[in-house]
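Here are a few exercises to work through with the model open beside you. Try each task before you read its solution.

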Amino acid sequence: MIKKTSRSEVRANKHRRIRSRLNGTPDKPRLAVFRSNNHMYAQIIDDEAGNTIVSASTVQEDVRKGLSKTNNVEAAAKLGEIIAKKAKDNGINQVVFDRGGYIYQGKVKALAEAAREAGLEF
């Protein structure tokens with residue numbers, strides 16, 4: 001009998017493959033995205049130093065304000081705007097987008113497009 005792997009295992013394997021090629025530098029840090037069932041998280045990371053430069057999530061009060069839900073496309077778009085604004089305040093204009101093994105559609109796409117519209121380049 002063939003054992004079907006779970007979606008989370010498939011995503012983790014995809015993310016491992018993606019991370020073998022992506023690396024954040026001080027000049028061009030990595031914008032990493034993580035989705036849970038209830039929230040979304042975004043971090044801008046310098047992998048050489050091992051530091052998180054900027055982070056935002058729908059758990060935070062300033063992001064959650066004005067949202068009816070924290071796990072939909074609208075919340076992801078607001079998170080993208082806020083992470084881009086925080087990055088610009090820290091002098092970061094270019095990033096490498098790490099979708100975390102998720103398919104580039106829906107919430108991940110909304111976050112990425114909102115960040116691009118707010119001024120991040122990737």
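**Exercise 1. Locate Thr70, decide whether Thr70 is buried or exposed, and find its polar partners.**

Step 1. Thr70 sits in the loop that runs between helix 2 (61-64) and helix 3; helices (H or I, at least four residues) and strands (E, at least two) are DSSP runs, numbered from the N terminus.

A word on the ground rules: this is a predicted model, in which local features need pLDDT of at least 70 and side-chain atom pairs count only at pLDDT 80 or more, while totals for chains, interfaces and linings use all residues. Residues are numbered from 1 along each chain as its sequence is written, and side-chain values use heavy atoms, with hydrogens and water left out.

Step 2. Thr70 counts as buried because its relative accessibility is 15%; buried means under 20% relative accessible area, exposed over 50%, and partly exposed in between (1.4 Å probe, protein chains only).

Step 3. The Thr70 side chain reaches the backbone oxygen of Asn38 at 2.6 Å and makes a polar contact with the side chain of His39 at 3.4 Å. A polar contact is a pair of N or O atoms within 3.5 Å; within protein, one must be able to donate a hydrogen and the other to accept it, and residues adjacent in sequence count only if both atoms are side-chain atoms.

**Exercise 2. Which elements supply the largest nonpolar core, and which gives the most?**

Step 1. The largest nonpolar core has 24 residues, and Leu31, Ile83 and Phe97 are among those with the most contacts inside it. Such a core is a set of buried Ala, Val, Leu, Ile, Met, Phe, Trp, Tyr and Cys residues joined through side-chain atoms within 4.5 Å.

Step 2. At least two residues each come from strand 1 (30-35), strand 2 (40-46), strand 3 (51-57), helix 3 (73-89) and helix 4 (107-117).

Step 3. Helix 3 gives the most, with 6 residues.

Step 4. Beyond residues up to four places away in sequence, Ile83 touches Leu31, Ala42, Ile44, Val54, Ser55 and Ala56, where contact means heavy atoms within 4.5 Å.
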